[in-house]
Amino acid sequence: MIRPAEPRDVAAIHQFIVDLAVHEREPDAVTATASDLGTALFGEAPALFADVAEVDGFVVGMAIWFLNYSTWDGRHGIYLEVLYVDPAH
C-alpha cells in the first residue's frame with residue numbers, strides 16, 4: 001500500500017535516508033536528524049511532503065517531494081527529492 005507519511009513513519013524514513021547515503025558511499029553526509037525531518041514534514045507550515053510504501057504493516061519505501069511552481073504554466077508541480085525502496089523489497 002502507498003499512503004501519505006505520518007509522524008509515526010519519521011524514524012523509518014530517516015533510516016532510509018541514512019541507508020541511501022551509505023549506499024552512495026557518503027555515510028557522513030547526512031546531518032539531518034529524525035527530529036529535523038519530523039519538523040520539516042509535520043511542523044506548523046510544512047513545505048516538505050512524503051509518501052511511504054507499506055507491506056504487511058512495515059514501511060519498506062518512501063518518496064520525499066516538495067512543490068515547485070512554473071511561472072510559464074502558472075501552476076504547481078512537484079520536485080521528487082528522493083525515491084527509495086528497501087532492496088529486500
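Three aromatic pairs turn up in the structure, a pair here being two rings of Phe, Tyr or Trp (for Trp, its six-membered ring) with centres within 6.5 Å. One of them is F49 with W65, which is stacked, at 4.8 Å centre to centre and 25 degrees between the planes. On the scale used, planes under 30 degrees apart count as stacked, those over 60 as edge-to-face and the rest as tilted. F49 sits in strand 2 and W65 in strand 3, so this pair ties together parts that are 16 residues apart in sequence. F49 itself is partly exposed, with a relative accessible area of 28%; buried means under 20%, exposed over 50% and partly exposed in between, with a 1.4 Å probe and protein chains only.

All of this comes from a predicted model, in which local features need pLDDT of at least 70 and side-chain atom pairs count only at pLDDT 80 or more, while totals for chains, interfaces and linings use all residues. Residues are numbered from 1 along each chain as its sequence is written, and side-chain values use heavy atoms, with hydrogens and water left out.

As for the overall layout, the protein has two helices and four strands, which run β-α-α-β-β-β from the N terminus on. These elements are DSSP runs numbered from the N terminus: H or I with at least four residues for helices, E with at least two for strands. Along the principal axes, the C-alpha atoms fill a box of roughly 40 × 30 × 25 Å. Of the 89 residues, 27% count as buried. Among the contacts (heavy atoms within 4.5 Å) with a separation of 6 or more, 41% come from residues 24 or more positions apart.

Next, the inside. The largest nonpolar core has 14 residues, and those with the most contacts inside it are I13, L37, L41, A50, M62 and I64. Such a core is a set of buried Ala, Val, Leu, Ile, Met, Phe, Trp, Tyr and Cys residues joined through side-chain atoms within 4.5 Å. Helix 1, helix 2, strand 2, strand 3 and strand 4 are the elements that give two or more residues to this core. Leaving aside neighbours within four places in sequence, I13 is in contact with A5, L37, L41, A50, V52, M62 and I64.

Helix 2 (residues 34–42) has L37, G38 and L41 as its buried residues. Seen down the helix axis, they fall within an arc of 100 degrees, so they line one face of helix 2; the arc is that of the directions from the axis to the C-beta atoms. This buried set packs against helix 1 (10–23) and strand 2 (49–55). On the face turned away from the buried side, helix 2 carries the exposed residues S35 and T39.

Strand 3 (residues 58–70) runs antiparallel to strand 4 (residues 75–85), and 10 bridges join the two; strands pair if DSSP finds at least two bridges between them. Not counting residues up to four places away in sequence, V60 touches F16, A53, E54, V55, Y84, V85, D86 and H89. With D86, 26 residues along the chain from V60, the C-alpha separation is 5.4 Å.

Finally, the charges. The structure holds three salt bridges, defined as a side-chain nitrogen of Lys or Arg within 4 Å of a carboxyl oxygen of Asp or Glu. R3 takes part in a salt bridge with D9, where the closest N and O atoms are 2.7 Å apart, and in another with E54, at 2.9 Å. The remaining salt bridge joins E6 and R8, with the closest N and O atoms 2.5 Å apart. Here E6 counts as partly exposed at 32% relative accessibility, whereas R8 is exposed at 58%. Through shared partners, salt bridges join R3, D9 and E54 into one network.
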